[in-house]
Amino acid sequence: MSKPKVLISRRWPAAVEAKLQQLFDTTLNSDDRPLNADEFRLALQNYDAVCPSVCDALPAEVLNVANKRCRILGNFGVGYNHIDIAAARAQDLVVTNTPGVLTESTADIAMTLLLMTARRGAEGDRLVRSGQWRGWCPTHMMSSDVTGATLGLIGFGRIAQAMARKAHHGFGMKILYVKPSPADPEIVADLQAVRCETVEELLPQCDFVSLHCPGGADTRHLIDERRLNLMKPSAHLINTARGDVVDSKALIRALREKRIAGAGLDVYEGEPHLDPGFLELENAALLPHLGSATIATRTAMGERVLANLQAFFAGQAVPDRVV
């Protein structure tokens with residue numbers, strides 16, 4: 001019996017790629033370049049499974065290709081707003097993701113960005129590398145305290161809770177959060193967290209605001225001009241969620257006009273083609289979507305996709321099925 005044909009859209013950790021090649025008739029992307037819409041259409045016609053990354057756009061006009069062979073999309077990532085879920089459902093395409101395994105690494109990056117923007121770390125690094133640093137002086141590059149400050153979390157899932165633990169137990173930060181319903185009482189008690197009913201209630205109280213909500217139409221530009229104006233002038237915005245959750249133009253204006261103190265970003269609208277206005281800002285710490293980028297985490301993500309594919313082709317319940 002022939003093995004199922006599987007396409008991997010980008011390079012994965014070598015150990016996982018080797019397992020895929022043992023179990024399936026696997027095609028790897030040796031050049032590690034993004035596939036275009038026509039290439040994905042062709043893949044859907046020629047493979048039993050296609051495994052996209054979170055930066056591969058799979059809208060309805062791609063998924064609705066004629067003569068489809070593909071039966072499962074094994075997404076490499078937790079978020080799946082890049083896939084038209086309604087179209088996948090209508091086409092009887094199974095969609096899976098990789099929850100649970102990237103919680104701590106993404107929370108680590110959120111804390112990294114919080115510290116970088118609070119203490120002007122990226123700006124200081126640029127100063128030293130450019131040869132412009134003239135030595136220590138009492139008023140040079142003064143910045144914001146983190147210890148004891150108030151952190152507001154918009155969204156309170158696994159990653160937000162992991163960040164809250166690091167912030168509260170590591171830096172003594174006060175935790176506020178917004179969530180449609182109250183969180184687990186044990187978690188709330190451990191973090192001494194306070195729930196706000198709305199984003200508008202949370203923003204004016206916070207020294208740092210970190211975004212942990214899913215992307216998509218419902219949250220597009222959740223942080224817009226109006227909400228940025230509710231933040232303290234001394235506050236910082238952290239985004240490790242999805243780029244389209246923030247109105248980039250509005251954030252650039254707020255940073256340029258010093259209506260907020262700073263921002264730490266790991267994701268962007270239209271990435272990797274971020275708004276060039278960000279590059280002109282000294283008060284923005286910018287990372288290239290590193291949230292889950294540890295060897296252990298990316299390997300675990302690949303193993304999760306592999307487990308989903310194995311279950312699907314064995315006719316078993318798929319553990320991380322989204323559709």
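Lys5 sits over the face of Tyr47, 4.7 Å from the ring centre. For a charge to count as over a ring, NZ of Lys or CZ of Arg must be within 6 Å of the ring centre and within 35 degrees of the ring normal. Keep in mind that this is a predicted model: local features need pLDDT of at least 70, side-chain atom pairs count only at pLDDT 80 or more, and totals for chains, interfaces and linings use all residues. Residues are numbered from 1 along each chain as its sequence is written, and side-chain values use heavy atoms, with hydrogens and water left out.

The structure holds 5 aromatic pairs. Rings of Phe, Tyr and Trp (its six-membered ring) pair if their centres lie within 6.5 Å; planes under 30 degrees apart are stacked, over 60 edge-to-face, and the rest tilted. Here are two of the pairs:

| Pair | Centre to centre | Angle between planes | Type |
|---|---|---|---|
| Phe24 and Phe313 | 5.8 Å | 55° | tilted |
| Phe156 and Tyr177 | 4.2 Å | 20° | stacked |

Phe24 is in the loop between α1 (14-23) and β2 (25-27) and Phe313 is in helix α12 (residues 295-313), so their pair ties together parts 289 residues apart in sequence. (Helices, H or I with at least four residues, and strands, E with at least two, are DSSP runs numbered from the N terminus.) Phe24 counts as buried, at 5% relative accessibility, while Phe313 is partly exposed at 22%. Buried means under 20% relative accessible area, exposed over 50%, and partly exposed in between (1.4 Å probe, protein chains only). Phe156 and Tyr177 are both buried.

Now for the inside. A nonpolar core is a set of buried Ala, Val, Leu, Ile, Met, Phe, Trp, Tyr and Cys residues joined through side-chain atoms within 4.5 Å. The largest one here has 32 residues, and Leu202 is among those with the most contacts inside it. Helix α11 (248-256) is one of the elements giving two or more residues to this core, and α11 gives the most, with 5 residues. Beyond its neighbours within four places in sequence, Leu202 is in contact (heavy atoms within 4.5 Å) with residues including Ile154, Tyr177 and Val209.

Which residues does Asp275 touch, not counting those up to four places away in sequence? They are Lys249 and Ile252. Asp275 lies in the loop between β11 and β12 (284-286) and counts as buried at 15% relative accessibility. A polar atom of the Asp275 side chain lies 2.8 Å from the backbone nitrogen of Gly277.

Conventions:
Polar contact = N/O pair within 3.5 Å; in protein donor to acceptor, adjacent residues only side chain to side chain.
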